[in-house]
Amino acid sequence: MSTLHQLYTAPPPAQLANVTKRFGTTTALDNLTFGIQPGELVALLGPNGAGKTTAVRLLLGLCAPDSGIARVFGADPRDAANRIRTGAMLQVARVPEPLRVCEHIELFSSYYPSPMPLAEVIAAAGLEGIEKKSFGSLSGGQKQRLLFGLAICGNPDFIALDEPTVGLDVEARRALWKQIRAFVDRGKSVLLTTHYLDEADALADRVAVIDHGRIVAEGSPSEIKHGARSLEDAFLALLGR
Amino acid sequence: MLRTHLLEIKYEFLKALRTPQYAFPTLLFPILFYLFFAVVMNRHEGSGMGMATYMLATYGAFGVIGASLFGFGVTVALERGQGWLHVKRTTPMPLSAYFVAKIAMALLFSAIIVISLMTLGFTIGGAQLTLPRALALLGVLLSGAITFSAFGLAVGYNVSANGAVPLLNLIYLPMSFLSGLWVPIWALPRGLQRFAFFLPPFHFSQLALKTLGGGRGMPAYVHVIAMVIATAVFLAIAYRGYRHDEVQ
């Protein structure tokens, strides 16, 4: 099978089609359609409560849509084959603190049939020099980098990053951006949710602005900015605020 | 697959070893209670099985139940509530590895408790125990860890991270008392003795006592059936919570 042929027939890494998801009386996602192409970094940009995390959880098979379909590589996100090809960085309140950086990576790597070598994960996530530190003793930025390392250690083709830099200082954010960009440069696909406009602007090939569970605009960062002085102005105008 | 299971066990063990403040009470309470009630308060009265021997079974059961409930219930509730279990669920980790590691820890803690009690009973408590009986008692007590791990799992999958510890204490301590694990069942009022029949730890401790030649004289299969039913009910409740968690 030729590469070109594969390009046309390969199902997209991630796809939500007409997805509606309710939690009680709250509609988290409202007939949302959205996808990611191979090699693309898409930012799902929106205010808190817009439905970003729900979209990520659906694509990771952590919840099921009320209607519509969620697909990863053309199949159910829960498929064992998809779990191997997918990595995730979720917002997590607490990670087992007594375990060391290299131990966390060793354990997660053991879940995958062909993981990246430990040294490569350490380098790709910027964890050099803190391999032996316990999770509890890491700084905020280091913790997020370890979670990023756990997301990529299985050598996945698609990763979903849910607000990866929330609460980090400028330096730590920049460092993580570099790691994320390097991952995409290897031909991998990324879904990143954020409410930081500069993050979407700096990283994304494509931005989807989400509000109240609907996509209100979609395009390259410059397309979204079109006519506005900054992404921030465009964003606020889109949300009608 | 096997490597994943072994690594999960290894790191579950290291977690406990590096945070002794969490594991310590689970190990210490049954040992302290046994020391106080079976060794210090023991007046060696009358015939039959001495208190130090009898209470090896009941405080052994008490310790195993605690290790299982807290090892399973609290850690699952915490890791689920704090989002860590969800992170693991996005990986191809077989769920069995997660549970096998927790069962292994519950068994290890149980064994430490029971062997400590036996050592104390034998050296300073004057417990009468032959090696075959000690091994039989250890075997029965460890197999009970399965039932109460299932109990812990049921709580862990249905109760929030903050609710698990208070709820388990609320269940563990009264249930143990009412099942005759603290003071012998025959010392409880008659009504409570009858009520104990509906509590899983009662059947657990009766099976343990039988290995020492004691117990209330009900056939062993009654207790075994009760334990099997209890395990099935706990697993069903745990599965309900798990389904709710998986398919929201």
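Tutor: What follows starts with a pair of helices, then turns to the chain interface and to salt bridges. The model is a predicted one, and the pair in question is helix 3 (residues 51–81) of chain B and helix 5 (residues 95–125) of chain B, whose axes come within 9 Å and cross at roughly 155°. Because angles over 145 degrees count as roughly antiparallel, helix 3 of chain B is roughly antiparallel to helix 5 of chain B. The crossing of these two helices is right-handed, and the residues in their contact divide by class into 16 nonpolar, seven polar and two charged.

Turning from this pair to the interface, chain A contributes 32 residues to the contact and chain B contributes 27 residues, while the area buried between chain A and chain B is about 2600 Å², with 62% of it on carbon and sulfur atoms. Two salt bridges are counted between chain A and chain B, and a salt bridge joins the side chains of B:Arg18 and A:Glu103, at 2.9 Å from N to O.

Over all chains, the structure holds 19 salt bridges. Among them is the one between A:Arg206 and A:Glu218, where the closest N and O atoms are 2.4 Å apart; this pair links distant parts of the chain, with A:Arg206 in strand 8 (residues 206–211) of chain A and A:Glu218 in strand 9 (residues 214–219) of chain A, twelve residues apart.

Conventions: Residues are numbered from 1 along each chain as its sequence is written. Chains are lettered from A and ligands numbered from 1 in the order in which they are written. This is a predicted model: local features need pLDDT of at least 70, side-chain atom pairs count only at pLDDT 80 or more; totals for chains, interfaces and linings use all residues. Side-chain values use heavy atoms; hydrogens and water are left out. Axes are lines fitted to C-alpha atoms, for helices over the stretch in contact, and angles run from 0 to 180 degrees between N-to-C directions. Helices (H or I, at least four residues) and strands (E, at least two) are DSSP runs, numbered from the N terminus. Angles under 35 degrees count as roughly parallel, over 145 as roughly antiparallel, 65 to 115 as roughly perpendicular and the rest as oblique. A crossing is left-handed if the near helix is turned anticlockwise from the far one by less than a right angle, and right-handed if clockwise. Ala, Val, Leu, Ile, Met, Phe, Trp, Tyr, Cys and Pro count as nonpolar, Asp, Glu, Lys and Arg as charged, and the others, Gly among them, as polar. Contact means heavy atoms within 4.5 Å. Buried area is the accessible area (1.4 Å probe) that two parts lose on being put together, summed over both. A salt bridge is a side-chain nitrogen of Lys or Arg within 4 Å of a carboxyl oxygen of Asp or Glu.
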